[in-house]
Amino acid sequence: MLERLGMIGSGGIAATLLEALACELPAPLSRLDCLTMSDSMATAEALLQQYHGRVADTVVVHDDLSTLLGCGPQMVIECAGHGAVREHGPVVLAAGIDLAIISTGALADEALHTELLQWAGATGVRLFLPSGAVGGVDILAAARLSGIEDVVYTSRKPPQAWRSTPADQLLNLDALSSETIFFEGTARAAARDYPQNANVAATVALAGAGFERTKVRLIADPHVRHNVHEVSVRSGCADFHVRIEGKPSPANPKTSLPTAFSIARLVLNRVMAQVI
Ligand SMILES: NC(=O)c1ccc[n+]([C@@H]2O[C@H](COP(=O)([O-])OP(=O)(O)OC[C@H]3O[C@@H](n4cnc5c(N)ncnc54)[C@H](O)[C@@H]3O)[C@@H](O)[C@H]2O)c1
């Protein structure tokens with residue numbers, strides 16, 4: 001049973017995750033240790049203190065991974081970004097601690113992905129990949145076993161959400177009056193060219209047909225208010241289409257709310273008698 005949880009990151013996802021855990025945990029964990037950047041320590045302390053006694057009996061903020069690992073977490077959850085996966089992921093797994101990562105786009109780097117799996121294998125722990133902002137990962141991962149014939153992930157966002165990406169050079173984002181597809185390619189190429197949007201493409205690829213066989217379409221659409229993720233699959237056991245319109249996280253509008261709830265689900269599945 002999970003009693004000691006580690007968390008990397010204290011931003012928008014962390015805030016929603018902690019509130020969900022405070023509402024749903026049947027009893028507080030014994031400890032919660034959070035790693036954040038040195039310049040975010042005060043904000044992180046203020047956030048975690050709100051959950052002292054509600055999420056865990058002891059809450060401590062760290063700016064150094066080794067002191068966090070010294071507190072004996074049974075599982076560490078990354079909700080910080082691709083850099084944090086690269087910097088801390090191998091160290092957590094090498095220490096023999098389960099790791100859940102939400103910045104799955106980092107795994108488009110094959111060398112890093114291989115290194116993480118090698119450490120998990122060597123120490124006998126596991127790498128968990130929550131579904132994040134997308135849906136249908138359960139049936140996609142099941143359908144993979146029956147053979148995937150075709151999988152297309154479409155990311156549709158309001159034009160301004162593509163600001164400061166290569167789409168800014170390809171399109172006049174301010175002038176779009178209809179939906180415009182500006183990228184079609186593999187999940188690998190999408191993760192390389194649009195790293196800020198790589199997480200969902202990576203999760204779909206890892207659950208299903210892999211980075212080379214997962215097709216990605218990126219669309220700027222002036223008719224949508226929020227980020228819309230669609231996954232269309234033909235497989236040996238089922239054909240399906242999933243559409244998720246995520247609501248933005250209040251603390252970070254670039255992140256949609258289901259992301260944090262998917263991590264809360266993972267944690268609760270480590271605590272509750274029933275796993276779903
Ligand atoms: N899988 C998905 O569907 C999905 C969806 C949205 C976001 N994400 C990922 O989640 C990440 C976090 O999202 P957010 O909305 O909470 O972001 P945020 O910017 O609100 O918070 C990030 C937090 O991480 C901390 N941080 C950053 N780098 C760190 C490091 N190297 N070590 C320790 N702490 C570090 C920051 O200080 C901050 O507290 C995003 O960067 C993205 O990669 C994944």
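Trainee: Which residues come nearest to the ligand?

Mentor: Of the 26 residues around the ligand, the nearest are G12, I102, S103, A133 and T255. A residue is near a molecule if one of its heavy atoms lies within 4 Å of it. Keep in mind that this is a predicted model, where local features need pLDDT of at least 70, side-chain atom pairs count only at pLDDT 80 or more, and totals for chains, interfaces and linings use all residues. Residues are numbered from 1 along each chain as its sequence is written, and side-chain values use heavy atoms, with hydrogens and water left out.

Trainee: Which helices supply at least two residues of that shell?

Mentor: α1 (12-24), α4 (82-94) and α9 (198-207) each do that. The largest share, four residues, comes from α4. Helices here are DSSP runs of H or I with at least four residues, strands are runs of E with at least two, and both are numbered from the N terminus.

Trainee: How many of the shell residues are nonpolar, polar and charged?

Mentor: Ten are nonpolar, 15 polar and one charged. In that scheme Ala, Val, Leu, Ile, Met, Phe, Trp, Tyr, Cys and Pro are nonpolar, Asp, Glu, Lys and Arg are charged, and the others, Gly among them, are polar.

Trainee: OK, switching to charges. How many salt bridges are there?

Mentor: The count is 14, taking a salt bridge as a side-chain nitrogen of Lys or Arg within 4 Å of a carboxyl oxygen of Asp or Glu. One of them joins E179 and R156, at 2.5 Å from N to O.

Trainee: What does that pair tie together?

Mentor: E179 lies in the loop between α7 (167-170) and β8 (180-186) and R156 in strand β7 (residues 148-157), so the pair ties together parts that are 23 residues apart in sequence.

Trainee: Is R156 buried or exposed?

Mentor: R156 is buried, at 12% relative accessible area, while E179 is partly exposed at 43%. Buried means under 20%, exposed over 50%, and partly exposed in between, with a 1.4 Å probe and protein chains only. R156 and E179 also belong to a salt-bridge network with D221 and E230.

Trainee: Which residue does R188 pair with?

Mentor: R188 meets E212 in a salt bridge of 2.8 Å, N to O. That pair links distant parts of the chain, with R188 in helix α8 (residues 187-193) and E212 in the loop between α9 and β9 (214-220), 24 residues apart.

Trainee: And what about R192?

Mentor: R192 has a salt bridge with D193, with the closest N and O atoms 2.9 Å apart. R192 is exposed at 59% relative accessibility, and D193 is partly exposed at 29%.

Trainee: New topic, cysteines. How many disulfides does the search find?

Mentor: Zero in the whole structure, with a disulfide being a pair of cysteine sulfur atoms within 2.5 Å. For C71, the closest cysteine sulfur is in C34, 12 Å away, so that is too far for a bond. C71 is partly exposed at 22% relative accessible area.

Trainee: Last one: where is S164, and what is its phi?

Mentor: S164 is in the loop between β7 and α7. Its phi is positive, about 65°, although S164 is not a glycine. S164 counts as exposed, at 58% relative accessibility.
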